[in-house]
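Thank you all for coming.

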Amino acid sequence: TGGGANSEKWVQIKSDVFEKEVKTLRSSEGGLCGLAAISSVAMKENGNYHMAREVFTEYKKTFYPSATHRKIYEKKYRKYKKIYNKIKEIF
């Protein structure tokens, strides 16, 4: 939730890097929606967390991983690991 979750570019990057479908919430108050869902289960308004999730969660948009972007991130990540390991040796 918050700024990162509101950035379509950032959410697409997460989808690409993790190679997973990522959905954004319709509400920018994801924490409050989660709290409402948990509270409804505790108060026995909804039978379980899966039912509560269905009641309190509405999705705005779904992002799918891009194979093209993934290749770019893999190359950059390999480079990052090399640099990280070299710096780690120094310290």
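What you see is a predicted model, in which local features need pLDDT of at least 70 and side-chain atom pairs count only at pLDDT 80 or more, while totals for chains, interfaces and linings use all residues. Residues are numbered from 1 along each chain as its sequence is written, and side-chain values use heavy atoms, with hydrogens and water left out.

On confidence, pLDDT is the predictor's own score for each residue, from 0 to 100; the protein chain averages 85, and 96% of the residues score at least 70. Helices (H or I, at least four residues) and strands (E, at least two) are DSSP runs, numbered from the N terminus.

Now to helix H2, residues 8-18, and helix H5, residues 67-90, whose axes come within 8 Å and cross at roughly 75°. Axes here are lines fitted to C-alpha atoms, for helices over the stretch in contact, and angles run from 0 to 180 degrees between N-to-C directions. Angles under 35 degrees count as roughly parallel, over 145 as roughly antiparallel, 65 to 115 as roughly perpendicular and the rest as oblique, and H2 and H5 are therefore roughly perpendicular to each other. From H2, Ile13, Asp16 and Val17 meet His69, Arg70 and Tyr73 of H5.

Which residues does Arg70 touch, leaving aside its neighbours within four places in sequence? They are Asp16, Val17 and Glu19. A polar atom of the Arg70 side chain lies 2.6 Å from the backbone oxygen of Val17, and the Arg70 side chain also makes a polar contact, at 3.4 Å, with the side chain of Glu19. A polar contact is a pair of N or O atoms within 3.5 Å; within protein, one must be able to donate a hydrogen and the other to accept it, and residues adjacent in sequence count only if both atoms are side-chain atoms. Glu19 itself sits in the loop between H2 and strand S1, 22-25, and its phi is near 55°, a positive value in a residue other than glycine.

Note on methods
Contact = heavy atoms within 4.5 Å.
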